[in-house]
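Hi,

Here is the structure I promised to pass on. Have a look at it first, and then read my notes below.

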Amino acid sequence: MTDDSLAMARHLRARLRFKHLDMLVKLESSTSLHQASASLSMTQSAVTKLLQEVEQMVGAQLFERSRSGITPTASGKALIARAHLLLNMLQTAHEEISAIELGASGYVRLGMSANAASTILPRALALLQADSPGVVVAAHERGPEMLDELRRGDFDCVVGRLPAHSDGPDLIWEHLYDEPVSLVVRKSHPLTKMKNKLSWADALAHDWILPHEDGAIQKALYMWFAHSQLRPPQSRFRSISIQANIAVVQDSDNVALLPAGVAQRYAEQKLLHILPLKLPVKLPSIALIMRRDEEQAPAAQALICALKTASVAEREKVKHSPLRKAVVKR
């Protein structure tokens, strides 16, 4: 860090206040200074003064003003991202202190996809309870948006499908496990009676629940069917919601695609039936994703360790799944 950078950092620590950070976050979600001032319960002149103070501190224009409203500049977007992170860390500190005062030893905010919540989370929580019983975990099921929420400081770490370009200057990821796709139906579905005689023609005679048309999974699926000279399945319901798909399958003759780990859990509970048809379509890997260059608190470290251990068991479970021995039948 240069002398000028050190001087700027000292200047910001001496003058920047949480009211400045709160103002920046409110301005980001507002269309005008007037709207932001209303949400902050301040006068417009007071908000303008706060903004000018911050711009003088950092030596850069943070918002473009025009007749249509205000728009953050590149410098403004960078500072707003840090403002989100600092404010969320303050909120986390408050939640952690509250948990500790009630007897906990730590507090962790976890973002995770639906399939991870159904597979490794129960095992990870059991491990955590055994090794660190005082840790409180606040888990939130999320979709692709959870990476932006992680960047903002809404979560300490996230577990879910690894999207393209997730490893960048601000995030780091660690592979947990890969998971194939299973085809499932309800327990009393007509296809369950066919057992080893079941063919793709039989499965394709029924409606399928597919992901949305622009999804990578459906594109890979259609390419495989074309390569195998099979007509693609008919689908009148498209969804990426695991819980919604399971509910529809249980009350209809639809065939659904589920992550193998989720399908196996429901099959073991005799709530669904896995069809013995091997579908060679890969899902994106399940990964643990964290903010780069940030030291995790002991409670978060304990949860991360439990998640990694649980993922080892999940890899073994998938490795020895009966579905791996299934054949691709025409």
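Predicted model: local features only at pLDDT ≥ 70, side-chain atom pairs only at ≥ 80, totals over all residues.

Now for helix 4 itself, which covers residues 44-58. Which of its residues are buried? Those are Val47, Leu50, Leu51, Val54, Glu55 and Met57. Looking down the helix axis, you'll find the buried residues within an arc of 160°, so they line one face of helix 4. Turn to the other side and you get Ser45, Lys49 and Gln56, which are exposed.

The largest nonpolar core has 23 residues, and the ones with the most contacts inside it are Leu110, Ile120, Val159, Leu176, Leu288 and Leu307. Elements that give two or more residues to this core are strand 3 (106-112), helix 7 (120-131), strand 5 (157-161), strand 6 (171-177), strand 13 (286-291) and helix 13 (298-319). Helix 13 provides the largest share, with seven residues.

Leaving aside neighbours within four places in sequence, leucine 176 is in contact with Ile120, Val159, Ile286, Ala287, Leu288, Lys308, Ser311 and Arg315.

There is also a second, separate core of 21 residues, and Leu221, Leu230, Val281 and Leu283 are among them.

Cheers

Note on methods. Residues numbered from 1 in each chain as written. Heavy atoms only, no water. Helix = DSSP H or I, 4+ residues; strand = E, 2+ residues; numbered from the N terminus. Expected span 1.5 Å × (residues − 1). Buried < 20%, exposed > 50% of the residue type's maximum accessible area, 1.4 Å probe, protein only. Arc of directions from axis to C-beta. Core = buried A, V, L, I, M, F, W, Y, C linked by side-chain atoms within 4.5 Å. Contact = heavy atoms within 4.5 Å.
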